[in-house]
2 protein chains.
Amino acid sequence: MEYKTIAFDVMGSDKGIPPALEAACQVLNEFNDLKIIFVGNQEEIKKYLKKLKYDNDRVEFFNTTEIINMTDSILDFRRKKDSSMTKAIELVNEDKANAVVTGGATAPYIAACHFIIKEIQGVDRPAFMPVIPTIVSNKVTLLLDVGANLECTPKDLKTFAIMAGEYSKLINKIEKPLIGLLNVGEEKSKGLELHRETYKLLEDSERINFFGNIEPRYVTSGFVDVVVTDGYTGNIALKAAEGMAKNLLNEIKSSVTKNLFRKLAALRLRKAFKEVAAKFDYKNHAGALLIGLNKIAFKSHGSSDKRSFYATLKMTYNAIVNNVVIRLKEALLNE
Amino acid sequence: MEYKTIAFDVMGSDKGIPPALEAACQVLNEFNDLKIIFVGNQEEIKKYLKKLKYDNDRVEFFNTTEIINMTDSILDFRRKKDSSMTKAIELVNEDKANAVVTGGATAPYIAACHFIIKEIQGVDRPAFMPVIPTIVSNKVTLLLDVGANLECTPKDLKTFAIMAGEYSKLINKIEKPLIGLLNVGEEKSKGLELHRETYKLLEDSERINFFGNIEPRYVTSGFVDVVVTDGYTGNIALKAAEGMAKNLLNEIKSSVTKNLFRKLAALRLRKAFKEVAAKFDYKNHAGALLIGLNKIAFKSHGSSDKRSFYATLKMTYNAIVNNVVIRLKEALLNE
């Protein structure tokens, strides 16, 4: 049996090692051709693993002595040569693993992947691509870039469109993914020079099923399968939407539990609230692919719990099974 | 008695003339030193006004034959010389009114105000400034620019900060308004060149109580009184947040009314939901000032109902009473 191997940096995320290991064991038990290399403090990892059930034969360890923290700067992966993040990336770069996963600091991760793994030929920069839940049941939208590169060219955005479109086909099983360009208005003439030039490129490409411009208010409406944008704009839009959702849900929670009478009524709606929460729950879509690299590199939220890591590891396994990098390369060659 | 006079373009908004007139009569009945000039199709306006109660002596009419539609392009105010929007702006420019209000198309309105009224000396461009509700009770945040100018300079953003700070003092009664710079991260080094240069300018100004960078997720958290940004970024952030709020609230509504059992429980929480809705309700803050012009020009949402127009007219009256333009000029001179 050919194993799919994930190099898993279990250090550096906010909630410590336990949720990472628990998630890993759950995924290992689900897929019997999956191998995981736990990268980090071997002693701590082994100590906690004793409490968990998993197939011993499909687990390896790679001991490291350093950790990249959330406060480290982007080039600290070079200074901290024995960090779990750097080593996990090196393992996949040396083909000792098929993919790397971390819950550690985003900016150093992107920098380290860029310098160690490097981009697919023809890709000038990778993009950070989270999966956005939408109000349409079982439909998600891929949004990229959300911050790997603040400034992008029209050509970059076209490359993002091709790669994310291919990913959407492969992983989300969308036959002809519809691609939107994030912009302040719908008309072709709207936005900055970047948008007008990108619009032309996307419109002219026979390969791309172009929806046109899409306003940020419709990203969660499920109109399109992929939304392309520069990392600055994507980051602004994502954080604005996340902040609103969080503030609004907190307000609702505090309002419906304000007194006993309301609490009792709210209890009866528990299932209703859960349904909405499940639809918008980013934990089910916690993994963001750093797309455009020569290897598969996933990032799980820094505040990942077991469920988030589980979702990310599953997405990573799926990406390996579907030969994502090879398929992206083919798609880019055919354009 | 010295009257405060509003030139009110009652044409061109989505819901027609009635809500505009109803709101106007309500505000007229509230403030006995307020005069309103109804600009638009006189016949239609008078016909509907017959149904309403108001002080006849404080109402004037200015008949116009054209309407600027939502689909008109930004310079159509020149082509449609007898449009209600253009005429209402001219009335205030000729000092026949103290302020102009419209629910019509935004882009032509901004263009017409810019060309007819012109900016305060020292202001290179006006900014479109909506009032954003926050989760802190009775606290709002002014966000500017959200689209009058897609691209801005650091000097523009500093001017926005001074003007909005002064407005916040005058109208929101904040003694020392805290000003944030919208950015993808909190650290001084984050963002684009625009942010780094603006950061320095705001930090160095003795007049500005600078909070530092603020991420879009915290705009509705009530941390600051004013958030400055370029029109492109402000528009993206605003639309992303609005879209998320709308989709989330719709989902909750449809989930809690899915069956009779849930409907009954939801009825008991009606007040709780209303409290949240009231807090986030843009209709209570429907008016956006086009700040930086030589006159007071407010824009109400294109889909304004009576309540939205009422809120906008009240904000406009308040701005006249507080001599907003004169105070902004003084503030800019003192910098």
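Colleague: Let's start with D225(A): buried or exposed?

Modeller: D225(A) counts as buried, because its relative accessibility is 5%, and the cut-off for buried is under 20%. Keep in mind that this is a predicted model.

Colleague: Which side chain does D225(A) meet in a salt bridge?

Modeller: That would be K139(A), with 3.6 Å from N to O. K139(A) sits in the loop between β6 (131–133) and β7 (140–144) of chain A, while D225(A) sits in the loop between β9 (209–214) and β10, so the pair ties together parts that are 86 residues apart in sequence.

Colleague: And how accessible is K139(A)?

Modeller: K139(A) is partly exposed, at 21% relative accessible area.

Colleague: Why would such side chains pair up at all?

Modeller: Side chains of opposite charge can pair when their charged atoms come close.

Colleague: What about R217(A), which residue of chain A does it pair with?

Modeller: R217(A) forms a salt bridge with E215(A), and their closest N and O atoms are 3.2 Å apart. R217(A) counts as partly exposed at 24% relative accessibility, and E215(A) counts as buried at 11%. Elsewhere, E166(A), K169(A), R207(A), R327(A) and E330(A) are joined into one network by salt bridges that share partners.

Colleague: Which side chain of chain B does R217(A) meet?

Modeller: R217(A) also meets E242(B) in a salt bridge, at 3.2 Å from N to O. Between chain A and chain B, the count is 10 salt bridges. There are also 26 residue pairs in polar contact between these chains, with both residues at pLDDT 80 or more.

Colleague: Which parts of chain A are on that side?

Modeller: The elements giving two or more residues to the side that touches chain B are α8 (231–256), α9 (260–268) and α10 (270–280) of chain A. The one that gives the most is α8(A), with 19 residues. By type, the residues on this side of chain A divide into 24 nonpolar, 10 polar and 13 charged.

Colleague: How much area do the two chains bury between them?

Modeller: About 4,700 Å², with 71% of it on carbon and sulfur atoms. In terms of residues, 47 of chain A are in contact with 47 of chain B.

Colleague: New topic: where is V227(A)?

Modeller: V227(A) is in strand β10 (residues 226–228) of chain A. V227(A) is buried, with a relative accessible area of 0%. Setting aside residues up to four places away in sequence, V227(A) touches T141(A), L142(A), L143(A), L144(A), G180(A), L182(A), I214(A) and V219(A). V227(A) and A161(A) are 66 residues apart in sequence, and their C-alpha atoms are 7.9 Å apart in space.

Colleague: And T229(A)? Where is its place?

Modeller: T229(A) is in the loop between β10 and α8 of chain A. T229(A) is buried, at 1% relative accessible area. The side chain of T229(A) makes a polar contact with that of D230(A), at 3.5 Å. Beyond its neighbours within four places in sequence, the contacts of T229(A) include L143(A), F160(A) and G234(A).

Colleague: What about K51(B), is that buried or exposed?

Modeller: K51(B) is exposed, with 64% relative accessible area. K51(B) is found in the loop between α2 (42–49) and β3 (59–63) of chain B.

Colleague: Last one: how many residues has the largest nonpolar core?

Modeller: The largest nonpolar core has 82 residues. Those with the most contacts inside this core include I89(A), C113(A), L290(A) and V100(B). Leaving aside neighbours within four places in sequence, L290(A) is in contact with residues including I110(A), C113(A), P126(A) and F128(A).

Methods:
Residues are numbered from 1 along each chain as its sequence is written. Chains are lettered from A and ligands numbered from 1 in the order in which they are written. This is a predicted model: local features need pLDDT of at least 70, side-chain atom pairs count only at pLDDT 80 or more; totals for chains, interfaces and linings use all residues. Side-chain values use heavy atoms; hydrogens and water are left out. A nonpolar core is a set of buried Ala, Val, Leu, Ile, Met, Phe, Trp, Tyr and Cys residues joined through side-chain atoms within 4.5 Å. Buried means under 20% relative accessible area, exposed over 50%, partly exposed in between (1.4 Å probe, protein chains only). Contact means heavy atoms within 4.5 Å. Buried area is the accessible area (1.4 Å probe) that two parts lose on being put together, summed over both. A salt bridge is a side-chain nitrogen of Lys or Arg within 4 Å of a carboxyl oxygen of Asp or Glu. A polar contact is a pair of N or O atoms within 3.5 Å; within protein, one must be able to donate a hydrogen and the other to accept it, and residues adjacent in sequence count only if both atoms are side-chain atoms. Helices (H or I, at least four residues) and strands (E, at least two) are DSSP runs, numbered from the N terminus. Ala, Val, Leu, Ile, Met, Phe, Trp, Tyr, Cys and Pro count as nonpolar, Asp, Glu, Lys and Arg as charged, and the others, Gly among them, as polar.
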